[in-house]
Amino acid sequence: MAANIEVYRAARAKNGLDPAGGTVTLIMHTFAGESDKQVRDIVKGPFKAYLKSSFDLWRNQWSDLKGVDQEQVVNFAFERYFRTASLFGSVDKCVRSVEKLAQAGVNEVACLVDFGVTGDEIRAALPQLDQVRSRVQAGT
């Protein structure tokens with residue numbers, strides 16, 4: 001991703017635009033909570049169902065997935081998302097993730113929260129997500 005952002009910035013400069021201008025927004029599945037375990041317990045079932053709903057799209061895009069057990073792929077994908085490709089976890093973990101994204105050149109993160117978690121769970125988690133926002137903006 002950082003390499004793609006560099007290409008974008010270089011293209012801006014090449015075309016007479018301020019390379020530091022423009023906004024790089026990354027959309028990420030998001031759920032912040034009190035602890036990584038708490039968040040994992042809440043998001044695992046709904047997010048795996050969300051992944052399964054698009055499995056046929058993956059299978060058609062990557063020939064390596066033909067004949068592979070769907071559950072195995074979904075479990076692997078969930079672990080990857082939970083560890084590195086989402087904002088799933090404690091406030092501290094989410095802050096660290098956003099800081100890494102900023103170092104790669106991302107200016108803002110759009111939080112995708114509608115992947116199957118209930119509305120009540122989403123609303124209950126908004127204060128933790130606000131803590132992430134506040135801490136990142138404050139630089140702490």
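Tutor: Residues are numbered from 1 along each chain as its sequence is written, and side-chain values use heavy atoms, with hydrogens and water left out. As this is a predicted model, local features need pLDDT of at least 70 and side-chain atom pairs count only at pLDDT 80 or more, while totals for chains, interfaces and linings use all residues.

Student: Glad to start. How many helices and strands does the protein chain have?

Tutor: The chain has six helices and three strands, in the order α-β-α-α-α-β-α-β-α along the sequence. Helices (H or I, at least four residues) and strands (E, at least two) are DSSP runs, numbered from the N terminus.

Student: Why is Gln-128 called buried?

Tutor: Its relative accessible area is 11%. Buried means under 20%, exposed over 50%, and partly exposed in between, with a 1.4 Å probe and protein chains only. Since 11% is under 20%, Gln-128 counts as buried. Gln-128 sits in helix H6, residues 119-138.

Student: And what makes Ala-124 exposed?

Tutor: Ala-124 is also found in helix H6, but its relative accessibility is 53%. That is over 50%, so Ala-124 counts as exposed.

Student: How do you know that Gln-137 is exposed?

Tutor: Use the cut-off again: Gln-137, in helix H6, has 60% relative accessibility. That value is over 50%, so the word is exposed.

Student: Back to Gln-128. What makes its pairing with Glu-34 a polar contact?

Tutor: The side chains of Gln-128 and Glu-34 come to 2.5 Å. A polar contact is a pair of N or O atoms within 3.5 Å; within protein, one must be able to donate a hydrogen and the other to accept it, and residues adjacent in sequence count only if both atoms are side-chain atoms. The 2.5 Å value is within 3.5 Å, so the pair meets the distance cut-off. Another polar contact, of 2.7 Å, joins the side chains of Gln-137 and Arg-133.

Student: Which residues does Gln-128 contact, leaving aside neighbours within four places in sequence?

Tutor: They are Ala-32, Gly-33, Glu-34 and Val-91. Contact means heavy atoms within 4.5 Å.

Student: Is Val-91 buried or exposed?

Tutor: Val-91 has a relative accessible area of 8%, and 8% is under 20%, so Val-91 is buried. Val-91 belongs to helix H5, residues 91-104. Not counting residues up to four places away in sequence, Val-91 touches Gly-33, Gln-128, Gln-131, Val-132 and Arg-135.

Student: What makes a set of residues a nonpolar core?

Tutor: The set consists of buried Ala, Val, Leu, Ile, Met, Phe, Trp, Tyr and Cys residues joined through side-chain atoms within 4.5 Å. The largest one here has 16 residues, and Phe-31, Val-43, Phe-88 and Phe-115 have the most contacts inside it. Helix H2 (36-53), helix H4 (70-85) and H6 each supply at least two residues of this core, with H4 giving the most, five residues. Apart from this core lies another, of 12 residues, among them Met-28, Val-95, Leu-101 and Val-132.

Student: Which residues does Phe-88 touch, not counting those up to four places away in sequence?

Tutor: Among them are Phe-31, Val-43 and Phe-115, together with His-29, Lys-93 and Cys-94.

Student: And how much of the protein chain counts as buried?

Tutor: Of its 140 residues, 31% count as buried.
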